[in-house]
Amino acid sequence: MAGNRTFTMVKPDAMEAGNAGAIIKMIQEAGFKIVAMKMTKLSEERAGQFYAVHKERPFYKDLTAYMSSGPIIAMILEKNNAVEDFRKLIGATNPAEAEEGTIRKLFAKSIEANAIHGSDADETAAQEGNFFFAETERF
Ligand code: CMP
């Protein structure tokens with residue numbers, strides 16, 4: 001059965017461009033409830049831990065530098081079928097391939113600076129949420 005929680009980050013490019021509010025509005029209007037939320041800045045080391053699964057990829061070093069270049073907003077979101085529905089809302093990793101009306105189509109600058117993260121599975125959603133939030137920070 002599909003889980004009902006996912007994890008997201010508004011990434012540094014979208015924060016810098018002043019698009020966090022518009023993105024969070026789209027998320028809420030799509031029916032996701034915000035269970036946890038914080039604005040924070042990752043160190044390059046913490047960004048590397050978060051994206052450890054991509055360690056061998058050629059873009060890993062750039063990705064960790066970019067993800068630690070400015071603040072992000074991390075959130076745990078709740079909705080039926082959360083992971084899959086959220087990935088539909090954000091669109092493809094590469095904004096050039098993202099569908100019209102998706103968050104990445106509207107706000108992403110490039111395949112790397114792609115405005116927003118969304119977990120790819122229920123298990124990673126739980127791990128990623130735990131990476132940022134204590135139990136006392138979830139509502
Ligand atoms: P995200 O969905 O957060 O997961 C991994 C991130 O790596 C991805 O979004 C992009 O920011 C980045 N990424 C994925 N593929 C590439 C690529 N081919 N080149 C550069 N960055 C990438």
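A: One term to begin with: a polar contact is a pair of N or O atoms within 3.5 Å; within protein, one must be able to donate a hydrogen and the other to accept it, and residues adjacent in sequence count only if both atoms are side-chain atoms. Glu-112 has a polar backbone atom 2.8 Å from an oxygen atom of the ligand. This is a predicted model, where local features need pLDDT of at least 70, side-chain atom pairs count only at pLDDT 80 or more, and totals for chains, interfaces and linings use all residues. Residues are numbered from 1 along each chain as its sequence is written, and side-chain values use heavy atoms, with hydrogens and water left out.

Q: Which side chains have a polar atom 2.8 Å from an oxygen atom of the ligand?
A: Lys-11 has a polar side-chain atom at 2.8 Å from a ligand oxygen. In the side chain of His-117, an N or O atom also lies 2.8 Å from an oxygen atom of the ligand.

Q: What about the sheet? What is the strand order?
A: The order is 2-3-1-4, in an open sheet of four strands with antiparallel pairing. Strand 2 (33-40) and strand 4 stand at the edges with a single partner strand each, so one side of each has no neighbour in the sheet. Strands here are DSSP runs (E, at least two residues), helices are too (H or I, at least four), and both are numbered from the N terminus. Two strands pair if DSSP finds at least two bridges between them.

Q: How many bridges join strand 1 to strand 4?
A: Three. His-117 is the bridge partner of Met-9 there. Strand 1 also pairs with strand 3 (residues 72-78), over six bridges. In that strand, Ala-74 stands opposite Met-9.

Q: And how many join strand 2 to strand 3?
A: Seven, and the two run antiparallel. Met-39 stands opposite Ile-73 in strand 3.

Q: Why is strand 1 largely enclosed?
A: Five of its six residues (5-10) are buried, so the rest of the structure largely encloses strand 1. Buried means under 20% relative accessible area, exposed over 50%, partly exposed in between (1.4 Å probe, protein chains only).

Q: New topic. Which residues are buried in helix 2?
A: Ala-20, Ile-23, Ile-24, Met-26 and Ile-27, in a helix of residues 20-29. Down the axis of helix 2, the buried residues fall within an arc of 155°, so they line one face. The arc is that of the directions from the helix axis to the C-beta atoms.

Q: What follows helix 2?
A: Gly-31, with a positive phi near 100°.
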